[in-house]
Amino acid sequence: MNYRMMGKIISEILAFEAAFMIPPIFICANEGATGTLLAFAVTMLATFAVAAVLFLFCRNAKKGFYAREGLVCVGLSWLIMSFVGCIPFYISGEIPKFIDAFFETASGFTTTGSSILTDIEALSNGALYWRSFTHWVGGMGVLVFLLAVAPREKKNGGFTMHLLRAESPGPIIGKLVPRIKQSAMILYVLYVVLTVLDFIFLVFDPQMPVFDAVCTALGTAGTGGFAIKNAGMSVYSPYVQNVCTVFMLLFGVNFTCYYFLLMRNFKGFLKNTELRVYICWVLASIGMIFINIRSLYETTEEALRHAAFQVASLTSSTGFASTDFDRWPTFSKAILFTMMFIGACAGSTGGGFKIQRVLLLIKDLRRNIHQVIHPNEVRTVSMDGQRVSERVLKNTGMYLTAYILIILISAFLVSADGFTLTTNISAVVSCTNNMGPGFEQVGPTLNFAGYSAFSKLVLIGDMLAGRLEIFPILVLFSRSTWKKS
């Protein structure tokens with residue numbers, strides 16, 4: 001295990017996290033929130049100091065870096081990031097309990113959007129900005145950001161690919177261009193451009209404050225869903241809700257598709273099976289829910305707007321709410337619950353099991369059924385005209401097994417708090433799939449504050465496991481990980 005190389009990477013992550021705290025400091029200074037300003041300043045300076053000491057100790061690290069180190073480094077990085085990021089909330093008193101501050105920050109970085117706050121508007125603007133900004137950093141991934149902007153030697157022992165594979169969502173992780181650094185840079189440029197476009201469209205509404213537009217754009221881009229108003233997105237105009245609907249869907253698309261458009265590879269864009277299924281699934285869901293809820297709203301436009309907004313919100317795993325969908329008929333809630341499982345496209349900022357994995361499992365199931373009927377016939381599974389390796393199919397099956405076990409075990413553990421079965425299952429599914437709201441006591445108008453400290457730790461683990469595709473977290477608890485090769 002190359003501990004020094006991992007330490008060097010973590011030191012760089014800490015340095016960037018400390019730098020990210022500079023804007024909240026200026027926001028706090030502008031609004032006169034002295035206590036929160038000092039909390040961010042102290043945390044920033046302490047984090048810089050720790051990063052500097054760690055970097056000095058690990059600066060001469062050897063280049064050898066393999067898949068095991070990549071998984072461990074990613075898992076530890078996200079745990080440390082969430083821990084450091086919650087400190088300003090706690091020491092400023094904005095979130096008095098440490099476990100609640102840790103829960104809120106982990107929910108932010110993992111783009112889950114589940115909250116323990118009962119009065120969101122009581123937070124200072126600096127804290128609200130930091131809370132939303134964690135979504136934006138976590139959406140594309142802090143290690144992808146590090147690979148994009150940090151200088152690297154040409155011969156780096158291959159660690160960049162191991163980090164990208166460990167952090168990026170989806171069963172098939174590839175490079176857009178031959179060099180990983182360039183691929184990471186392209187991803188972040190696309191991410192920034194879409195975020196800026198989202199902000200511009202939001203501020204077109206004269207009733208939309210600039211600060212609200214910034215926080216909403218950050219939450220939409222990261223598909224995180226932290227609202228800065230107690231009433232969620234229902235306080236904003238239909239125009240703002242429609243803009244969010246469009247951009248939530250856009251951020252749920254595999255970013256490789258946008259690269260195809262940028263390179264004018266329209267054939268590669270149009271033949272993307274996952275994108276076609278994503279579009280059809282979204283349109284069909286909007287149509288079914290609209291028909292089911294039409295009688296609940298005064299106008300057709302209002303019913304269609306809320307149906308489209310909630311479909312976009314949950315299929316992209318954003319978690320914004322424009323209405324209390326927990327009051328919708330069971331059929332509509334069943335569709336939304338299914339969306340909480342499936343989620344968005346691989347390679348997007350969205351969470352969930354991913355449409356690509358569902359397609360691979362269906363294709364593999366069809367192949368196995370065919371082989372039962374024709375045992376001597378050899379068939380392969382293909383996606384977008386390319387053969388899918390048996391290793392990818394095996395890993396997808398392993399992921400499904402781990403995914404189901406985590407949900408079942410977590411639901412059992414949090415059931416000790418006495419909430420209903422629907423509440424517990426939807427809470428676990430929401431956190432594991434990085435969705436945000438669930439149903440009943442954790443519905444869109446309520447929160448996770450009622451859970452015990454133990455249950456919150458379980459749900460934090462679910463958030464991290466879901467965002468990092470399970471294995472980087474599981475390997476931290478495996479004894480073989482820490483044994484010498």
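1. Starting with H5 and H20: Ile99, Asp100, Phe102, Phe103, Ala106 and Ser107 of H5 touch Ala453, Lys456, Leu457, Leu459, Ile460 and Met463 of H20 (contact is heavy atoms within 4.5 Å; helices are DSSP runs of H or I, at least four residues, numbered from the N terminus). Sorted by type, the residues of this contact come out as nine nonpolar, one polar and two charged (Ala, Val, Leu, Ile, Met, Phe, Trp, Tyr, Cys and Pro are nonpolar, Asp, Glu, Lys and Arg charged, the others, Gly among them, polar).

2. Before going on: the model is predicted, with local features needing pLDDT of at least 70 and side-chain atom pairs counting only at pLDDT 80 or more, while totals for chains, interfaces and linings use all residues. Numbering starts from 1 along each chain as its sequence is written, and side-chain values use heavy atoms, leaving out hydrogens and water.

3. How do H5 and H20 sit? H5 spans residues 98-109 and H20 residues 453-467; their axes are 10 Å apart, at an angle of about 20 degrees (axes are fitted to C-alpha atoms over the stretch in contact, and angles run from 0 to 180 degrees between N-to-C directions). H5 and H20 are therefore roughly parallel (under 35 degrees; over 145 is roughly antiparallel, 65 to 115 roughly perpendicular, the rest oblique). The H5/H20 crossing is left-handed (the near helix is turned anticlockwise from the far one by less than a right angle; clockwise is right-handed).

4. H5 has another partner, H4 (residues 67-92): the two axes come within 8 Å and cross at roughly 125 degrees. That makes H4 oblique to H5, and their crossing is right-handed. On the H4 side, the contact is made by Trp78, Leu79, Met81, Ser82, Phe83, Gly85, Cys86, Phe89 and Tyr90. H5 brings Phe98, Ala101, Phe102, Thr105, Ala106 and Phe109. The tally for H4 with H5 is 12 nonpolar, three polar and no charged. Phe102 and Ala106 turn up in the H20 contact too.

5. Which way does H1 run against H3? The axes of H1 (residues 3-20) and H3 (residues 34-58) come within 8 Å and cross at roughly 155 degrees, so H1 and H3 are roughly antiparallel. H1 passes H3 in a left-handed crossing.

6. The H1 side of that contact has Arg4, Gly7, Lys8, Ile10, Ser11, Glu12, Leu14, Ala15, Ala18 and Ala19. Facing them in H3 are Met44, Thr47, Phe48, Val50, Ala51, Leu54, Phe55, Phe57 and Cys58. The H1/H3 contact splits into 13 nonpolar, three polar and three charged residues.

How values were computed. Helices (H or I, at least four residues) and strands (E, at least two) are DSSP runs, numbered from the N terminus.
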